[in-house]
Amino acid sequence: ETELNQQAVQLYGDGKYAAATELMEKALQVFKRLYPPEKFPDGHLDLATTLYNLGFLLKAQSEYGKAEPFYRDALGMYKKLYPADKYPDGHPALATSLNDLGILLAARDDYGKAEPYFRDALDMYQRLYPPDKYPDGHPDLATSLNNLGVLLDDRGEYGAAAATLAEGAAMYDRLTVA
């Protein structure tokens, strides 16, 4: 099952999107049988990852409408697997899931719906990678700043976009020099 996931990622890397998607769909069916909701009410990491990966593959093929339910299901499962009471700062997989759902919505020009996901991801990355532990920042945090900045720019909020993009660019600079 995990092997199917890995093979699908390899096919994606080789540019064979349709074959990768088909394999990921098979992996999803296997994980749904292995981790049924009645036995795994919060889901399972393998299942969440496969849902996310399938959404990613569909998004890469510009199948935004097909990708969205998989991204949403993965996000819902990550929220159950990494609840705030056990993970007060969040979790990288959860933050990435929030960010990528924002990217999907922005790609569909649905900026109003995308922004809360970008902001939630940014807030989580800021808690996960605080300046006292990551004085130069973190690549995920810099990417999150960039994504929000691009969205703000696309919406015509040029002042806020410039500040956010500058912060992300400065972090990238610190990280590549460090």
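Reader: Where is H138 found?
Author: H138 sits in the loop that connects α6 (111–128) with α7 (139–154), where helices (H or I, at least four residues) and strands (E, at least two) are DSSP runs numbered from the N terminus. The model is predicted, so local features need pLDDT of at least 70 and side-chain atom pairs count only at pLDDT 80 or more, while totals for chains, interfaces and linings use all residues. Residues are numbered from 1 along each chain as its sequence is written, and side-chain values use heavy atoms, with hydrogens and water left out.

Reader: Why is H138 counted as buried?
Author: Buried means under 20% relative accessible area, exposed over 50%, and partly exposed in between (1.4 Å probe, protein chains only). H138 has a relative accessibility of 16%, and therefore counts as buried.

Reader: What is H138 in contact with, apart from its neighbours within four places in sequence?
Author: With those neighbours set aside, H138 is in contact with Y129, M171 and L175, contact meaning heavy atoms within 4.5 Å.

Reader: How do you know that E115 is buried?
Author: E115, which belongs to helix α6, has a relative accessible area of 13%, so it is buried. Residues up to four places away in sequence not being counted, E115 touches L148, L151, L152 and R155.

Reader: What makes the span of helix α1 agree with expectation?
Author: The expected span is 1.5 Å times one less than the number of residues. For the twelve residues of α1 (residues 2–13) this should give 16 Å, and because the end C-alpha atoms are 17 Å apart, the two agree.

Reader: Which residues of α1 are buried, and why are they said to lie on the same side?
Author: N5, A8 and L11 are the buried residues of α1. They cover an arc of only 125° around the axis, and therefore lie on the same side of α1, the arc being that of the directions from the helix axis to the C-beta atoms. On the other side of α1, E3, Q6 and G13 are exposed, whereas the cover over the buried residues includes α2 (17–34) and α3 (45–60).

Reader: How many aromatic pairs are found in the whole structure, and why is the pair of F31 and Y35 called stacked?
Author: The search finds nine aromatic pairs. The ring centres of F31 and Y35 are 6.0 Å apart and their planes lie at 15°, so this pair is stacked; rings of Phe, Tyr and Trp (its six-membered ring) pair if their centres lie within 6.5 Å, and planes under 30 degrees apart count as stacked, over 60 as edge-to-face and the rest as tilted. Both F31 and Y35 are buried.
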